[in-house]
Amino acid sequence: YYNEVLKLDPENVLAKHGIEEIANRYALMAEGQIKQFNSEKALQYIDKGLMVSPDHPGLLSLKESETSKIENINEFLTLAKESFDALRLTTPSDTSAYYYYNEVLKLDPENVLAKHGLGEIANRYTLMAERQIKQFDFEEALQNIEKGLMVSPDHTRLLSLKESEIN
């Protein structure tokens, strides 16, 4: 409706204000989704708002910010997988899979891939500890149990292994 008015009267203040209000509403809805860590829905609102007002500074800023956040998350997930594959599970402290998955969770606390990755790290430490127990290397097994529990303190199998190692 407002665009039709502007076609007839390009300087119509009410129509310009109406478009601005619609864009502002989309920006508010996007911000609400960002607070809920729902980047996908936030970007949908941002894109809808930019269709209404392509030069809206708030929407442009939100789009840049969310796009950058998603790129960072994807980069951290890639680095985490590379570190995991290279068995840099928890060390070095700033280039380990554990570090990168936690960086993802700082940006998106509900990120399923990062949570799953942390579980996989704990599982890997479990396998290593079990192998070391079979080889009677109890000291090394206990170290790996502790590392795994640092990543996943409630990991059932690691807790069981720790209990059996202590007794």
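This is a predicted model: local features need pLDDT of at least 70, side-chain atom pairs count only at pLDDT 80 or more; totals for chains, interfaces and linings use all residues.
The protein contains 8 helices and 0 strands, so its pattern along the sequence can be written as α-α-α-α-α-α-α-α. The radius of gyration is 25 Å, whereas a compact globule of 167 residues would have a value near 15 Å. Taken along the principal axes, the C-alpha atoms fill a box of roughly 85 × 25 × 15 Å. Buried residues make up 36% of the 167 in the protein. The accessible surface amounts to about 10500 Å², and carbon and sulfur atoms account for 55% of that area. Among contacts between residues at least 6 apart in sequence, 44% join residues at least 24 apart.

A helix pair comes next. Two packed helices are described by the angle between their axes and the distance between the axes. For helix α2, which covers residues 13-35, and helix α3, which covers residues 39-52, the angle is about 170 degrees and the axes lie 8 Å apart. Angles over 145 degrees count as roughly antiparallel, and α2 and α3 are therefore roughly antiparallel to each other. On the α2 side, the contact is made by Ile19, Ile22, Ala23, Tyr26, Met29, Ala30, Gln33 and Ile34. Their partners in α3 are Lys41, Ala42, Tyr45, Ile46, Lys48, Gly49 and Val52. By type, the residues of this contact divide into 11 nonpolar, 2 polar and 2 charged.

Phi of Leu87 is near 60 degrees, a positive value in a residue other than glycine.

Leaving aside neighbours within four places in sequence, Tyr99 is in contact with Ser93 and Asp94. The C-alpha atoms of Tyr99 and Ser83 are separated by 9.6 Å, and these two residues are 16 apart along the chain.

Further along the chain, two residues can be set side by side. Gln132 belongs to helix α6, which spans residues 112-134, while Phe136 is placed in the loop between α6 and α7 (138-151). Gln132 has a relative accessible area of 12% and is buried, whereas Phe136, with a relative accessible area of 65%, is exposed. The cut-offs explain these labels: a residue counts as buried because its relative accessible area is under 20%, and as exposed because that area is over 50%. Not counting residues up to four places away in sequence, Gln132 touches Asp137, Glu140, Ala141 and Asn144. As for the backbone, Phe136 is not a glycine, yet phi has a positive value of about 60 degrees there.

Conventions. Residues are numbered from 1 along each chain as its sequence is written. Side-chain values use heavy atoms; hydrogens and water are left out. Axes are lines fitted to C-alpha atoms, for helices over the stretch in contact, and angles run from 0 to 180 degrees between N-to-C directions. Helices (H or I, at least four residues) and strands (E, at least two) are DSSP runs, numbered from the N terminus. Angles under 35 degrees count as roughly parallel, over 145 as roughly antiparallel, 65 to 115 as roughly perpendicular and the rest as oblique. Contact means heavy atoms within 4.5 Å. Ala, Val, Leu, Ile, Met, Phe, Trp, Tyr, Cys and Pro count as nonpolar, Asp, Glu, Lys and Arg as charged, and the others, Gly among them, as polar. The radius of gyration is taken over C-alpha atoms; the globule rule is 2.2 Å times the number of residues to the power 0.38. Buried means under 20% relative accessible area, exposed over 50%, partly exposed in between (1.4 Å probe, protein chains only). Accessible areas come from the Shrake-Rupley method with a 1.4 Å probe; for residues, only the protein chains shown count as cover.
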